[in-house]
Amino acid sequence: AVVSTQSTGVDHFFILDNESTDDVYSVLLPYIEKQLVTYVPWKDSTYIDAQFHSVLNTQQKGMAYALSLYGCKSNWTALIDDDEFLLPKRNKTLKQILKDYTP
């Protein structure tokens with residue numbers, strides 16, 4: 001997913017590893033060394049949304065955690081699973097598409 005998504009114009013990936021058992025770190029190590037990926041081991045924990053007083057599911061907690069750490073470090077952030085891809089149409093990169101929406 002890193003290689004295919006990088007070709008669309010993504011500058012950096014923040015990967016949250018939710019206690020995977022398939023050695024994701026070793027697979028990502030070449031990209032970590034090139035400073036293309038920031039790898040974050042993440043252990044799921046109970047999180048209660050203070051505003052809505054609701055318990056968030058694992059994916060929601062991961063997204064909230066990622067945004068709290070890295071949301072302010074980029075102009076645009078996409079929260080996608082490892083089996084999802086961003087594929088712009090008409091040979092455009094994501095940067096070209098988002099340029100029209102960037103203040």
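The expected span of a helix is 1.5 Å times one less than its number of residues. Helices (H or I, at least four residues) and strands (E, at least two) are DSSP runs, numbered from the N terminus. This is a predicted model: local features need pLDDT of at least 70, side-chain atom pairs count only at pLDDT 80 or more, and totals for chains, interfaces and linings use all residues. Residues are numbered from 1 along each chain as its sequence is written, and side-chain values use heavy atoms, with hydrogens and water left out.

**View 1. Overall layout of the protein.** The secondary structure comes to four helices and four strands. Along the sequence they follow the pattern α-β-α-β-β-β-α-α. Of the 103 residues in the protein, 18% are buried. Buried means under 20% relative accessible area, exposed means over 50%, and partly exposed lies in between (1.4 Å probe, protein chains only).

**View 2. Helix H3 and its buried residues.** H3 has 13 residues, which at 1.5 Å a residue should span 18 Å. Its end C-alpha atoms are 18 Å apart, so the two values agree. Lys61, Gly62, Ala66 and Tyr70 of H3 are buried. These four lie on the same side of H3, because they cover an arc of only 130 degrees around the axis. The arc is that of the directions from the helix axis to the C-beta atoms.

View 3. Rolling a probe the size of a water molecule over the atoms shows where empty space is left. Here a 1 Å grid over the protein atoms alone is used: a pocket is an open set of points where a 1.4 Å probe fits, with protein on both sides within 12 Å along at least five of seven lines. Lining residues have an atom within 4 Å of a point. Grid points are joined across faces, edges and corners, and a volume is the space filled by probe spheres set on the points. The largest pocket has a volume of about 1600 Å³. Its lining counts 46 residues, and Phe13, Phe14, Ile15, Ala78 and Ile80 lie nearest its centre.

**View 4. What lines the largest pocket.** Helix H1 (2-6), strand E1 (13-17), helix H2 (24-33), helix H3 (58-70) and helix H4 (94-99) each supply at least two lining residues. H3 gives the most, with six residues. By class, the lining has 24 nonpolar, 12 polar and 10 charged residues. Ala, Val, Leu, Ile, Met, Phe, Trp, Tyr, Cys and Pro count as nonpolar; Asp, Glu, Lys and Arg as charged; the others, Gly among them, as polar.

**View 5. The salt bridge.** The structure holds one salt bridge, a side-chain nitrogen of Lys or Arg within 4 Å of a carboxyl oxygen of Asp or Glu. The side chains of Asp11 and Lys95 meet in it at 2.7 Å, N to O. The pair links distant parts of the chain, 84 residues apart: Asp11 is in the loop between H1 and E1, Lys95 in helix H4. Asp11 is exposed, at 55% relative accessibility. Lys95 is partly exposed, at 47%.

View 6. Asp23 lies in the loop between E1 and H2. Its phi is near 55 degrees, a positive value in a residue other than glycine. Asp23 is partly exposed, at 47% relative accessibility. Gln35 sits in the loop between H2 and strand E2 (37-41). Phi of Gln35 is near 60 degrees, also positive. Gln35 is exposed, with a relative accessible area of 65%. Asp81 is found in the loop between H3 and H4.
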